[in-house]
Amino acid sequence: MMKFEDAPLPVTSWAMQMRALSTEKPTSLVQTLTGAILGCGGWVLSRGANDAGTISVLFEFERRTCLEIYSVLVGAGLELSQCGHNQLTELCRCTRLHPKAFGDQVASIELEILTYPVQMKGESRLPEVA
């Protein structure tokens with residue numbers, strides 16, 4: 001008789017789309033994220049920013065590093081959407097419960113980050129008049 005633990009696990013595709021907000025400058029955020037993802041053993045497939053400050057990053061990683069990936073996204077100052085947090089939490093939970101079955105699988109994230117500047121207290125956006 002086959003036990004539940006012995007039953008084959010389904011192959012699940014973890015191709016996720018996420019949105020986030022950030023107050024960082026787009027150019028430095030792209031560099032920080034790229035370095036952090038590569039440092040966790042991930043692969044950055046594409047990255048870019050437009051004139052409106054929207055950043056797009058497509059990357060992949062082995063599921064065994066999902067907690068590190070989640071940590072670097074939050075550590076870089078991203079405010080992930082609730083859906084993004086839920087997706088990463090479920091990925092980490094599922095991978096932790098079945099590390100031998102899923103650890104070597106590749107997950108991908110298509111991340112869109114909206115950036116906006118933070119105005120410092122006392123700072124004016126108007127140019128000074130001489």
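Which residues in α2 are buried? I will come to that after a word on the model.

This is a predicted model, in which local features need pLDDT of at least 70 and side-chain atom pairs count only at pLDDT 80 or more, while totals for chains, interfaces and linings use all residues. Residues are numbered from 1 along each chain as its sequence is written, and side-chain values use heavy atoms, with hydrogens and water left out.

The pLDDT, the predictor's confidence in each residue from 0 to 100, averages 85 over the chain, and 80% of the residues score at least 70. Residues 124–130 fall below 50, and beyond near neighbours in sequence this stretch has three contacts in the model; contact means heavy atoms within 4.5 Å. Where pLDDT is low, the predicted coordinates should not be read in detail.

Now the helix. In α2, the buried residues are C66, I69, Y70, V72 and L73. Buried is under 20% relative accessible area, exposed is over 50%, and partly exposed lies in between, with a 1.4 Å probe and protein chains only. Helices are DSSP runs of H or I of at least four residues, strands are runs of E of at least two, and both are numbered from the N terminus. Seen down the axis of α2, the buried residues fall within an arc of 165°, so they line one face of the helix; the arc is that of the directions from the helix axis to the C-beta atoms. On the other side of α2, L67 and G75 are exposed. The cover over the buried residues includes α1, β3, β4, α3 and β5. Just after α2, G77 has a positive phi of about 90°.

Next, strand β1, residues 14–22. A15 is exposed, at a relative accessible area of 57%. β1 runs parallel to β5, residues 106–115, with nine bridges joining them, and M18 stands opposite L111. With β4, residues 79–80, β1 pairs in the antiparallel sense over two bridges; pairing requires at least two DSSP bridges between the strands. Here L21 stands opposite E79.

Last, the core. The largest nonpolar core has 31 residues, and F59, F61 and L111 have the most contacts inside it. Such a core is a set of buried Ala, Val, Leu, Ile, Met, Phe, Trp, Tyr and Cys residues joined through side-chain atoms within 4.5 Å. Not counting residues up to four places away in sequence, F59 touches residues including W43, I69, L73 and L111.
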